[in-house]
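This briefing is meant for a reader who is meeting the structure for the first time. Please look over the sequence and the model below before going on to the points that follow.

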Amino acid sequence: MTRPQDRYRRSFGDLSERALAFWLLVPAGLLLGFIALYPVIRLVYTSFFQYQLTLGPDATFNGLENYAAALRDARFWNALKNTSLIVLVTVPGALLVGLGLALLANLPFRVKWPVRLGLLLPWALPLVFVGLIFQWFFDSQYGVVNDLLARLGGERQFWLFKPDLAFWAICWTIIWKTSSFVALILLAGLQTIPKELYEAAEVDGASPFQRFWRVTLPLLTPAILVALIFRTITAFQTFDIPYAMTKGGPGNATETLAMYVRVTSIENLNFGYGSALAMLLFLISMVITMIYLRYVRGADE
Amino acid sequence: MKKLFWLSLAVLAASTAVAQQSTKLRIFVGGQQRPEIWRKILDVYEKRNPGVRVEVEVGGATSDQQQQYLTTVLASRDPSIDAILIDIIRPAQYAAAKWSDTLDKYLPAASRANLLKQYLPAYSKANVINGQLVALPSFADAQFLYYRKDLLEKYNLKPPTTWDEAIKQAQTILAGERNANLNGIGFMGNISEGTVCSFLLPIWASGGDVDDDSGKLVLTEGQARNSLQFWLDLMDKHKVSPPNMAEKAQDTIRQEMQQGRWVFGTLFAYAWNRFQNDADSQVKGKIGVVPLPRFEGGRSASCLGGWQWTISDFSRNKAQAYKLVRYLSSPEASKILAIDASNLPVFPSLYKDPDVLKANPWFADALPIVQNARSRPVHPRYPEVADVMRKALNAVLARTKTPDVAAKEVISGLQAIYGK
């Protein structure tokens, strides 16, 4: 009779450390493969097919035709333009506001929880709730923004259906929502900076501005980079907030790439073309991440 | 101990035997479609068909939300749902994607013709795609012109039959009332399905249409431009609608009319019950319903809505599902829906049924409106057709595009879908 422990030893005990590591990683690898790798591979595969359910249930291979069609599609370029503008405005915006919030939260308040709660709340709200709440804020007839404007003697604006105003209303909402995420990461970064450095700087007679510029900012760079990577990628995928606030309107004036992917695949059932659009979005995210990562490595060396 | 073992084994065996005999079906309805009333109808069905159990799965509150979920279920060929209640704009799409089991295999040609004859013609027509019967009608819906009886009486006006009359009446009443919170003519203008109907109403009312019976695109740029211009003029020229119509969803208009803030509203049938029965309604007994106005020399036309039962092609119990769908689309079920949910019946005879009229006196006048309602373009790529039309009207109402430019885009967008 072999005891269970012996059997265990025979199967796992003889393994080298490397082999053991392999077997321990298999479940995580499989899980990742199923939920991340498989869909991506399927997406690439589908993007090479003419596959639109409203024309029939069959898919036919059409090579790069979907990609070529995307490059000819004015609505794709419009969505890409809107998405890029949102990235250009909301990423730096969220970084600046987030940095301010993090510095504020890092101050030695006696009671810390109100500031921290204020930091966490926007982050904890689901995106689409934020979109719906701000849709009400910006409503031209019932919204609090126009009410304030009118009380201050200004003129009521059509926030959600003038293209420029709608763009800024959306950006403002995204910055409000995402700066707390940036602030949380930066706050964690701030707390790793040793107090001694500030004390030494103070002894050397550095002004508060110099302390921030020479001590805080350089030591915070890794945290800023992490925040920037995450924020940029999620900004390229912007969907919920404009979807809830304007549905891409007026016309297609505020439609983002992710919204166009959804309409194409889920509403129009054009999975082939939708996959190609999603692949283009994926490629853009990859390129941005690679640029950031190269910069991080460069900074490390 | 031993006895208990044998006893439980026997119970287990018995229960599997029962389970084998019984069929479990699952149907899908939307959250706004009164699932509790469907449950009541299904209880009747289960009592008459021992061995059949029917579960109700409840989905999102709008047609779009329901279809988003159903798309993932059906595109992955999930067999868990047997029958689905679908919007009238969907049968063509379901037929093209082969999501629906065709009902013709259960119905010989003669009995199919006999069955379809009983329904309102628009509904039997909407559910036959390329000669195939895709779904069976459950309840009807249409757009009506709701008006403030009290205000029209105060100014000695009769309900309008043409749009010119409606505009003049709204102007008269607005000028007389001098109430900053009162508006003239309410219609849908945001990016939603209702705005597709808004776009189509003036086209129909002047005698045009988007496609003909053979499915050929017949809409002209001029007709599209006139429609867009018409709604824009209500705001800017005639001043009977406020300048923010690009924001207005159907239910926003309904809520505002319920607060007494509109003289006229173009809304679907559901609004009536809310006006009469909602606790916060300021307009109880003050609302009248008439057919939508026409243009001089045109015709009165309403936008046809309504819901149908289709059988999922991935169901594993199609024969049982067919039997169930026949019951769910029967006059008996239609009558329960009319009385308990105020859903318009799909059988003309039920509009004269005393029980139905007792619950909904206004149904007596609704039949001609439903009969004259026109269906939105029947096309497998309908979602794309709808997107072109609602985006155009929304952009015009937001004044980011002129009716000229938007009309050109409508025609080129539709040509790309229909193929020239």
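Predicted model: local features only at pLDDT ≥ 70, side-chain atom pairs only at ≥ 80, totals over all residues.

**Between the chains**

- Across the interface of chain A and chain B, 2 salt bridges are also found by the rule, and one salt bridge joins A:Glu267 to B:Arg390, with the closest N and O atoms 3.3 Å apart.
- On the side of chain A that touches chain B, helix α12 (residues 257–267) of chain A gives the most, contributing 3 residues.
- Contact between the two chains involves 31 residues of chain A and 28 residues of chain B, and the area buried between them is about 2,400 Å², with 53% coming from carbon and sulfur atoms.
- Within chain A, the residues that lose the most area to chain B are A:Thr54, A:Phe161 and A:Glu267, which together account for 21% of what that side buries.

**Nonpolar cores**

- The largest nonpolar core has 128 residues, and the members that touch the most others are B:Phe144, B:Tyr146, B:Phe199 and B:Leu344.
- Both domain 1 (22–134 + 305–371) and domain 2 (142–303 + 376–418) of chain B supply at least three residues each to this core.
- Leaving aside residues up to four places away in sequence, B:Phe199 touches several residues, including B:Leu219, B:Trp231, B:Met389 and B:Val410.
- A second, separate core comprises 44 residues, among them A:Ala94, A:Leu186, A:Ile193 and A:Leu277.

Key:
Residues numbered from 1 in each chain as written. Chains lettered and ligands numbered in written order. Heavy atoms only, no water. Core = buried A, V, L, I, M, F, W, Y, C linked by side-chain atoms within 4.5 Å. Buried < 20%, exposed > 50% of the residue type's maximum accessible area, 1.4 Å probe, protein only. Domains from an automatic or database assignment. Contact = heavy atoms within 4.5 Å. Buried area = accessible area lost by both parts, 1.4 Å probe. Salt bridge = Lys/Arg side-chain N within 4 Å of Asp/Glu carboxyl O. Helix = DSSP H or I, 4+ residues; strand = E, 2+ residues; numbered from the N terminus.
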